[in-house]
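Reader: I have a model open and some questions about its packing. Can we go through them one by one?

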Amino acid sequence: MKKTLLLVVLSTLTLGLFAWNSPVTIPDVGNARLRIVGQNAANYVSNLESSNSSCDTQEEFEDKTNKIANAFIALQADIVAICEVERNDEILGYIVDAMNSIYGENVYAYITDGLYAHASAGNYQSLKSGYIYRSDKVTPQGNNTSPYRSGEYCARLRIQTFKENSTNEKFVLSVNHFKAKDSSDDAGESTRLQNVSNLIYALGNITSDPDILIMGDLNSYMGEAPIEALEEEGFEEQLVRFDANAYSYIYRGQKGILDHAMANSTMAEQVTGARVY
């Protein structure tokens with residue numbers, strides 16, 4: 001039995017609007033059994049002393065947690081592929097607890113990965129990517145892995161296989177946060193191309209299922225070398241497939257897609273829709 005997937009990609013651009021009564025209309029992405037949501041959580045750090053924490057007070061942190069949780073519940077997320085959160089095994093628990101409280105039942109869980117790092121020089125808290133999922137809809141399969149053995153990108157590029165409980169169908173979901181754009185972006189693009197190379201190599205060695213979805217903040221617009229490299233490997237941007245004018249972010253005055261949902265051919269044929277919220 002083939003599964004059909006419904007995809008919604010969130011952007012940090014509208015984070016302040018997320019709530020049960022959000023004025024932003026939830027997009028129509030078709031009729032599917034699973035909903036997968038992507039989110040850059042914009043330095044979601046519980047260590048408020050960190051220089052990169054997006055919150056100054058505990059009240060602000062709790063407010064941000066509730067906004068994120070409300071958005072995921074409103075979107076009926078079955079899996080959340082999230083990046084730019086504090087690197088430890090506890091951070092996603094705050095969002096999961098809030099989601100279960102809003103939902104009224106303990107159906108949401110998160111994947112632990114054993115990744116820890118204290119704040120570094122300049123009191124910067126290391127970040128990672130991770131997964132939240134509905135345990136009554138899907139079950140993680142095998143280990144949560146990375147294309148890197150260690151270092152910053154070991155935490156930022158992650159790979160996980162999931163099984164849909166109702167059908168036993170499996171698929172591979174990779175959540176990623178590639179090298180950021182900065183003033184020395186020639187060097188940055190070189191690193192992003194290395195991110196792509198490592199990711200493709202790792203996915204090529206996955207044997208759990210041939211259906212692959214790559215999501216996350218790839219810090220690359222359509223037409224830039226990292227996205228073209230993924231396209232050359234057979235991955236199609238689902239946001240553009242369903243909306244030629246889609247954009248997820250405005251960076252230094254340039255509007256485009258930095259947050260992506262890219263599927264290989266066997267995965268793409270099962271996708272009912274993909275939109276930016």
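Reader: Which residues is R192 in contact with, leaving aside neighbours within four places in sequence?
Author: R192 is in contact with F178, K179, A180, K181, D185, L218, N219, S220 and P226. Contact means heavy atoms within 4.5 Å. This is a predicted model, where local features need pLDDT of at least 70, side-chain atom pairs count only at pLDDT 80 or more, and totals for chains, interfaces and linings use all residues. Residues are numbered from 1 along each chain as its sequence is written, and side-chain values use heavy atoms, with hydrogens and water left out.

Reader: Is R192 buried or exposed?
Author: R192 is buried, at a relative accessible area of 0%. Buried means under 20% relative accessible area, exposed over 50%, and partly exposed in between, with a 1.4 Å probe and protein chains only.

Reader: Which backbone oxygens does its side chain reach?
Author: A polar atom of the R192 side chain lies 2.9 Å from the backbone oxygen of K179. The R192 side chain also reaches the backbone oxygen of A180, at 3.2 Å. A polar contact here is a pair of N or O atoms within 3.5 Å; within protein, one must be able to donate a hydrogen and the other to accept it, and residues adjacent in sequence count only if both atoms are side-chain atoms.

Reader: Where is R192 placed?
Author: In helix 4. Helices (H or I, at least four residues) and strands (E, at least two) are DSSP runs, numbered from the N terminus.

Reader: OK, sheet next. What is the strand order in the open sheet of six strands?
Author: The order is 6-7-8-9-13-10, with mixed pairing. Two strands pair if DSSP finds at least two bridges between them. Strand 6 (138–145) and strand 10 (236–237) stand at the edges with a single partner strand each, so one side of each has no neighbour in the sheet.

Reader: And what does helix 4 touch there?
Author: Helix 4 (residues 185–204) packs on the sheet and touches strand 7 (157–164), strand 8 (170–177) and strand 9. The direction of helix 4 makes about 35° with that of strand 7. Axes are lines fitted to C-alpha atoms, for helices over the stretch in contact, and angles run from 0 to 180 degrees between N-to-C directions.

Reader: How many bridges join strand 9 to strand 13?
Author: Five, and the two strands, residues 212–217 and 259–263, run antiparallel. D217 stands opposite D259 in strand 13.

Reader: What does A229 touch, not counting residues up to four places away in sequence?
Author: L193 and V196. A229 is in helix 5 (residues 225–232). Its C-alpha atom is separated by 7.7 Å from that of L193, 36 residues apart along the chain.

Reader: Changing topic. Which residues touch the most other members in the largest nonpolar core?
Author: Y44, F72, I82, I95, M99 and I132, out of 28 residues in that core. A nonpolar core is a set of buried Ala, Val, Leu, Ile, Met, Phe, Trp, Tyr and Cys residues joined through side-chain atoms within 4.5 Å.

Reader: Which elements give two or more residues to this core?
Author: Strand 1 (5–9), strand 2 (34–44), helix 1 (58–74), strand 3 (79–86) and helix 2 (91–103). Helix 2 gives the most, with six residues. A second, separate core has 25 residues, including L7, Y133, L239 and I257.

Reader: How do strand 2 and strand 3 run?
Author: They run parallel and are joined by six bridges. In strand 3, I82 is the bridge partner of Q39, and A81 is that of G38. Nine of the eleven residues of strand 2 are buried, so that strand is largely enclosed by the rest of the structure. In strand 3, eight of its eight residues are buried.

Reader: What is phi for A42 and E84?
Author: Phi is near 55° for A42 and near 65° for E84. Most residues other than glycine have a negative phi. A42 lies in strand 2 and is partly exposed at 22% relative accessibility. E84 is in strand 3 and is buried, at 13%.
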